Amino acid sequence: MSSSWNIGRIAGIPVRVHWTFLILIGFVVVGNAMEGQTPLTIAVNVLFVLALFGCVVLHEMGHALAARRFGVKTTDITLLPIGGIARLERIPENPVQELVIALAGPIVNFVIAGLILLAGISVPAAFHEPHFLLEGTFFTKLLSLNLFLGLFNLLPAFPMDGGRVLRALLALKYEYSEATRMAANVGQFMAILFAVVGLLRNPMLLLIALFVWVGAEAEATMVQQRVALKGVRVRDAMLTDYKTLSPDNSLGQAAELLLAGSQVDFPVLSDGRAVGVLGRADLFAGLSKGGTDARVSEYQKSDLGVVEADEPLVPAMTRLRAGEGPCLQVVEAGHPVGLLTLENIGEFLMVRSALAGASRGGRDSRAKSYAS
Ligand code: ZN
């Protein structure tokens, strides 16, 4: 994610801020200034937004550190104006582990709220406000927003933590994909409720309804795919008819290959080994800077992930989804034998679900959702 900046590491996990976060700060400053607030009030309000997002980071750290206990790494934590995202390398299918990881975030918010409450009761003078719990002060607002964050995230709907809690609880009794489907249905039912209330009362809820609806569908589809792909090897879904480049090829030759077929990412091989990849965007950038005579080696990306042909497909797909690159070079005994792209995996899934539909007379509606 190049649209976000690294602002440091906490417990070894990179914390990033998306640039749109600055808009939020700007919004607070401009809004306050137009209301005629004093610079001190504006500074306090900006500090409040930062404190709130500090709590969001701690919430995400809760997930990340709980995941670490089960050996799951967190790639990074990104702050967006709407909240935070902790990118876990994988979600454990063990229901108890998922339950602990999902609950860890909201629990952090409740702990923060409890600590503010305790501090307020024991040293009210520290807040320069004897009845600080009753007044709308900095810490009162922070306390109530932490309670809100904790409770809101526990709503039983994907992509909220509550959706994962519900799935984990259902998975104790039902099969994992079945539990996901049920949890997604509950989430979509809630999305409809949000939408109805949103239409009548608060348009903001419409946005949340959309967010929840899409999140539920995405989660269900992802799990269905994982189930559909169980036992499938990389070689089953790889592209075998593809073109490669050598580092000494010219960009003109690469452009010819691009125009000749539908392939957009070309592995760069040297002495039969994968040394990089030239994507369509790299090619265009190279052509506009260096022209057709420039070498592929000058504009290729130097990292092309490698995967063994006999490895299971799901972890390889997860690597592509996590943004490791546009494609992976498939090798067998060290030699390139194919190319793996998300597009090709999608086609593989569509072929499979079409075949499954044909063999069941096309009546199984779940087979269709693999392709959606
Ligand atoms: Zn969370």
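Modeller: Let us begin with a cysteine: Cys327 has 2% relative accessibility and therefore counts as buried, where buried means under 20% relative accessible area, exposed over 50% and partly exposed in between, using a 1.4 Å probe and protein chains only. Please keep in mind that this is a predicted model, in which local features need pLDDT of at least 70 and side-chain atom pairs count only at pLDDT 80 or more, while totals for chains, interfaces and linings use all residues. Residues are numbered from 1 along each chain as its sequence is written, and side-chain values use heavy atoms, with hydrogens and water left out.

Biologist: And Cys55, buried or exposed?

Modeller: Cys55 is buried, at 5% relative accessibility.

Biologist: How many disulfides are there?

Modeller: The count is zero disulfides, taking a disulfide to be a pair of cysteine sulfur atoms within 2.5 Å.

Biologist: Switching to the metal, which protein donors does the zinc ion have?

Modeller: The zinc ion has His59 (NE2), His63 (NE2) and two entries for Asp161 (OD) as its protein donors, lying 2.0 to 2.6 Å from it; donors are N, O and S atoms within 2.8 Å of the metal (3.2 Å for Na, K and Ca), and since water is not among the atoms, sites may look incomplete. Along the chain, these donors follow the spacing H-x3-H-x97-D. His59 lies in helix H2 (residues 39–69) and Asp161 in helix H5 (residues 161–171), so the pair ties together parts that are 102 residues apart in sequence. Helices here are DSSP runs of H or I with at least four residues, strands are runs of E with at least two, and both are numbered from the N terminus.

Biologist: Are those two buried or exposed, His59 and Asp161?

Modeller: His59 is buried, with a relative accessible area of 4%, and Asp161 is buried as well, at 8% relative accessibility.

Biologist: What about the rest of H5, how many of its residues are buried?

Modeller: Nine of the eleven residues of H5 are buried, so the helix is mostly covered, and among the buried ones are Gly162, Val165 and Leu170. The buried residues of H5 pack against H2, helix H3 (95–122), helix H4 (138–153), helix H6 (176–200) and helix H7 (203–228), with contact meaning heavy atoms within 4.5 Å.

Biologist: Last topic, which domains does the chain have?

Modeller: The domain assignment gives domain 1 (4–154) and domain 2 (234–348), with bounds that come from an automatic or database assignment. Their C-alpha centres lie 40 Å apart.
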